[in-house]
Amino acid sequence: MSEFTSSSPSWAAVSVLVVDDEPGMRAILKKALSKKFAQVDTAGSIEEAEELRKRCHFDLLIVDINLPGRSGIEWHEAFDPQTRRSDVIFMTGYADLDTAIKALRAGASDFILKPFNLEQMMQSVSRCIERRLVERQNFALQRDIERTFPIDIIGDAAKTLSMKKLITQIAPSMAAVLVEGESGTGKELVARALHQLSLRNGPFVPLNCGAIAPDLLESELFGHIQGAFTGAKKGREGLFRVANGGTLFLDEIGEMPLAMQTSLLRVLEQKAIRPVGGEREIPVDVRIVAATNRNLKEEVEAGRFRQDLYYRLNVLTVDLPPLRDRVEDIPALAHHFTLKLAKDLGMKSVSWTHEDIKAMQAYDWPGNIRELRNMMERCILLGKPPAEYWRELQGDISPLPRAEIAHFDQDRIDEANLQNPCRCTSVVDDEEQYCYPTTWTLKEVEKAHIMQVVDSHEGNKSAAARKLGVARKTLERKYKEWVDEAAL
């Protein structure tokens, strides 16, 4: 019977309040709506409805305009634009224009004339609910707009391939997943992959449990009704309801207070939440993915984490290997981050030499992939290849051999190559080498070396430039500088 027959799991968490002074109308609508929604309440007057609204959050209000006492349009508390969190469908048996205008001004989502057939009402309800679910999706996307990680997990190391296979196997399950690994190993990336491969139609909603004040965490997760606590001037949907039909990612679950762990365990067992200040539980369809860089077994033994919650979360586990145990992935990761960062920073694309990759693979990476990304950004901004960057950190400021210099931009390559005289007078592999007095300055060595290379190519500056690994225009600039200095 129209789109209302859709059995989206997201609809189960929607709450509806019917306000009508006719018992028969209330009974008919309650019966029809209860087939789709877990919470459907009714009231015979505005006063009765307001008492219900104070205790519970309602996504949709279906209100008769002509009621004893205060009319439906006069229910100002529910229609206050500063606090209103519900869609409203007005019903009336009087089709005058003035009433319709007042209803629209009060914030009506729809306006239905009595008598109506049930299908007409259900179509109106469907439009309102679908619009509300879209708003929830948009809210989740807005929370997530700055967290734009690529879903693809990069790397082909044996441990990486094993992890990818496990993610593919467990993603379709509704069971909770615990993602364990050191800080910076990509736990949120794995959580996103689990959500994407699960084919769940709800949003992916991340929350860092350690970034929320303990006294606000319950409201953040479960929501609250208006007046639930000091400062709660309007009701709020919690992230469980925002993530309904999707995945809620609880990062740093080990930081969650014990009292909140008890509440979370109850939600996992009953699949229902109770907003702060509310009296009724609301069913939710949410898949939980939790992550931690702590050893939860040790936390349980120390009494800082509930044992029963640990077992509830630990149904399926993904253990992320540290970067030092998957160094084969470093070349692909470095390439990926370099391309992305160069584009984001508005700089030229760069490439790394074999020496740079070897230097990165030899490092221990205590900060894992996050540290690798940050180092890539520093090297690009500073114009220093990783191998040179680490040499300087270790106090070695001698110039690198030409092969060890990353190709950032032509001017930088030229300067680096020209400041790198060879140290041998022998001939090795048909390559002529040069040496110079140790009392010379670097500038004198540079000039002598360039002139010898040009002389060896019989004055052909283009060939000499190729031999030196610089652009011809760089040689021309150097010669002009020497002429200007001689003229002084």
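Visitor: Why is Cys128 called buried?

Guide: Cys128 has a relative accessible area of 1%, and buried means under 20% (exposed is over 50%, partly exposed in between; 1.4 Å probe, protein chains only). Cys128 is therefore classed as buried. Cys379, at 0% relative accessibility, counts as buried by the same rule. This is a predicted model, in which local features need pLDDT of at least 70 and side-chain atom pairs count only at pLDDT 80 or more, while totals for chains, interfaces and linings use all residues. Residues are numbered from 1 along each chain as its sequence is written, and side-chain values use heavy atoms, with hydrogens and water left out.

Visitor: What makes Thr292 buried?

Guide: The relative accessible area of Thr292 is 1%, so Thr292 is buried. Thr292 belongs to strand E13; helices (H or I, at least four residues) and strands (E, at least two) are DSSP runs, numbered from the N terminus. Contact means heavy atoms within 4.5 Å. Beyond neighbours within four places in sequence, Thr292 is in contact with residues including Leu178, Glu180, Lys187 and Ile253.

Visitor: Which residues have the most contacts inside the largest nonpolar core?

Guide: They are Leu221, Phe240, Leu248, Leu250, Ile253, Ile288 and Leu313, in a core of 33 residues. A nonpolar core is a set of buried Ala, Val, Leu, Ile, Met, Phe, Trp, Tyr and Cys residues joined through side-chain atoms within 4.5 Å. Among the elements that each supply at least two residues of this core are strand E10 (247-251), helix H10 (258-270) and strand E13 (287-292). H10 gives the most, with five residues. Leaving aside neighbours within four places in sequence, the contacts of Ile288 include Phe240, Leu248, Leu250 and Leu313.

Visitor: Why are H6 and H7 called oblique to each other?

Guide: The axes of helix H6 (residues 158-170) and helix H7 (residues 187-198) cross at roughly 40 degrees and come within 9 Å. Angles under 35 degrees count as roughly parallel, over 145 as roughly antiparallel, 65 to 115 as roughly perpendicular and the rest as oblique. H6 and H7 are therefore oblique. Axes are lines fitted to C-alpha atoms, for helices over the stretch in contact, with angles from 0 to 180 degrees between N-to-C directions. Met163, Ile167, Thr168 and Ile170 of H6 make the contact with Val190, Ala193, Leu194 and Leu197 of H7.
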